[in-house]
Amino acid sequence: MESEIFQALLKAGLIGGLVLLIGAISGWGMTQAPDFVLSRMMRWWVLKVLVPILKRPSWLLRSIAIFVNNAGICVALVACGRVALLPWFAIAAVGVAMGSALRVLVFEFGWRGDEVDVDRDGASAQVGDRWAGFGMLLNMLEPPAIVLTLALALVQLELPITSTNELHEAIRVWPIMLTWTVPMLAVAAGGESLWMGRQRVFEH
């Protein structure tokens, strides 16, 4: 039974991940035009709301902000699973927002060719930071947590399990969400906050 549940969730998660990826690519492309309404909205959100919070020196405050944002989105996606067709639109919308926000972050805080050699010693020290590496390792729990969230959103109505009634009843969406997804998001948020603080990614 456990293997069948895993296979059902994996299938739904991969399908949801594909929809999320398509949405992210679309969001990245749409943000290319600086005057587009999505571009202006995401620049305001990222630069005026998100970045000021993530630049705070407190590791705990950054962790809480990241966790609340990620967990809130994931809970909302799972809740959408009780309404027909809604999860598809919600997942696509989250993907668009992710792609748009990522483009803003890359172009605002990414490396430029004429800045690569400005502080080579400082950059080398940051790359070799063991705490930053440990944070990145913990942050790797976020992708499986997202995939599991997408699966839980889709298996309720959109991708029904037709093999057996026992299997369908065995997938208890909210207990799985609270037992697995939320703890993974919490640990990942702590790791993300750690490496962001050590690498100072929002400083030019």
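Helices are DSSP runs of H or I with at least four residues, numbered from the N terminus. The model described here is predicted: local features need pLDDT of at least 70, side-chain atom pairs count only at pLDDT 80 or more, and totals for chains, interfaces and linings use all residues. Residues are numbered from 1 along each chain as its sequence is written, and side-chain values use heavy atoms, with hydrogens and water left out.

Helix 1 (2-30) and helix 7 (142-154) each supply at least two residues to the lining of the second largest pocket. A pocket is an open set of points on a 1 Å grid over the protein atoms alone, where a 1.4 Å probe fits, with protein on both sides within 12 Å along at least five of seven lines; lining residues have an atom within 4 Å of a point. The volume of this second largest pocket is about 160 Å³, taken as the space filled by probe spheres set on the points, which are joined across faces, edges and corners. Its lining consists of E2, I5, F6, L9, L10, P144, V147, L148 and A151. Helix 1 gives the largest share, 5 residues. By class, the lining holds 8 nonpolar residues, no polar ones and 1 charged. Here Ala, Val, Leu, Ile, Met, Phe, Trp, Tyr, Cys and Pro count as nonpolar, Asp, Glu, Lys and Arg as charged, and the others, Gly among them, as polar.

Helix 1 also packs against helix 4, at an angle of about 45° and with the axes 6 Å apart. Axes are lines fitted to C-alpha atoms over the stretch in contact, and angles run from 0 to 180 degrees between N-to-C directions. Helix 1 and helix 4 are therefore oblique to each other. Angles under 35 degrees count as roughly parallel, over 145 as roughly antiparallel, 65 to 115 as roughly perpendicular and the rest as oblique. The contact of helix 1 with helix 4 has 15 nonpolar, 6 polar and 1 charged residues.

The axes of helix 4 and helix 7 come within 9 Å and cross at roughly 155°. Helix 4 is thus roughly antiparallel to helix 7.

The count of salt bridges (a side-chain nitrogen of Lys or Arg within 4 Å of a carboxyl oxygen of Asp or Glu) comes to 1. E108 pairs with R43, the closest N and O atoms being 2.6 Å apart. E108 lies in helix 4 and R43 in helix 2 (residues 37-54), so the bridge ties together parts 65 residues apart in sequence.

L85 lies in the loop between helix 3 (59-80) and helix 4 (86-109). Phi of L85 is positive, near 75°. Most residues other than glycine have a negative phi.
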